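Have the sequence and the coordinates open as you read.

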Amino acid sequence: MKFLLFICIAILSLYAKGDGVRGGLDVKPVDNELYKKECASCHFGYQPGLMPTQSWEFIMKNLADHYGTDASIDDETNKSILSYLLANASQNAMNYKRSAKITKSLENGVLYQSITEIPYHIKKHRKIEKWMITQKEVKTLSNCTACHKKADLGIYDKKTIDIPNYGAWRD
């Protein structure tokens, strides 16, 4: 009986860790209230594990021109959010399947200024037809939640994709 209990606990810990094994999470979900308040109140709260540290540093240093919008915040808030982002950036979240793949896809010396520039993201979206992206319900590849119905939970697998005006993804 103790052995069976041990096996159950071991299996549950794999799921809880979200390491991409047997249905685990693809990336660690956002769990920082300040980040949610300051960033995810205006757009999808991208999980830190979707980009490397250098990208997060660039984004947080350039909030005055945040993709055409002034998203400036005070220095203390910036430092706090940046600390959270760096601690959970892709190369610091290698126990999550997609974060590990993202990190492995990066080229040395390249500053990726947007999630849409990350080689892994480009590869995963290469078969998507242009109209699927440019339609009003999606607009851009940076609009993850338009198609990835469990993106906010850190789940990006094929089973959770539902492209507006197309349906479930099939390749």
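There are 3 aromatic pairs in the structure, where rings of Phe, Tyr and Trp (its six-membered ring) count as paired if their centres lie within 6.5 Å, and the planes make a pair stacked under 30 degrees, edge-to-face over 60 and tilted for the rest. One of them joins Tyr-35 and Tyr-84, a tilted pair with 5.8 Å from centre to centre and 45° between the planes. This pair links distant parts of the chain, since Tyr-35 sits in helix H2 and Tyr-84 in helix H4, 49 residues apart; helices (H or I, at least four residues) are DSSP runs numbered from the N terminus. Both tyrosines, Tyr-35 and Tyr-84, are buried, a word used here for under 20% relative accessible area, with exposed meaning over 50% and partly exposed in between (1.4 Å probe, protein chains only). Tyr-166 and Trp-169 also make a tilted pair, because their ring centres are 6.0 Å apart and their planes stand at 45°. Here Tyr-166 is partly exposed at 27% relative accessibility, while Trp-169 is buried at 17%.

Before going on, please keep in mind that this is a predicted model, in which local features need pLDDT of at least 70 and side-chain atom pairs count only at pLDDT 80 or more, whereas totals for chains, interfaces and linings use all residues. Residues are numbered from 1 along each chain as its sequence is written, and side-chain values use heavy atoms, leaving out hydrogens and water.

Back in helix H2, have a look at Leu-34. Its relative accessible area of 27% makes Leu-34 partly exposed. Beyond its neighbours within four places in sequence, Leu-34 is in contact (heavy atoms within 4.5 Å) with Thr-77, Ser-80 and Ile-81. The C-alpha atoms of Leu-34 and Thr-77 are 7.9 Å apart, although 43 residues separate the two along the chain.

Which residues of helix H3 are buried? In this helix, residues 53-61, they are Thr-53, Ser-55, Trp-56, Ile-59 and Met-60. Viewed down the axis of H3, they fall within an arc of 160° (taken from the directions from the helix axis to the C-beta atoms), so they line one face of the helix. Their cover includes helix H2 (33-38) and helix H4 (75-87).

Finally, the cysteines: the count of disulfides (cysteine sulfur atoms within 2.5 Å) is 0. The sulfur of Cys-39 lies 8.2 Å from the closest cysteine sulfur, in Cys-42, which is too far for a bond.

How values were computed
Helix = DSSP H or I, 4+ residues; strand = E, 2+ residues; numbered from the N terminus.
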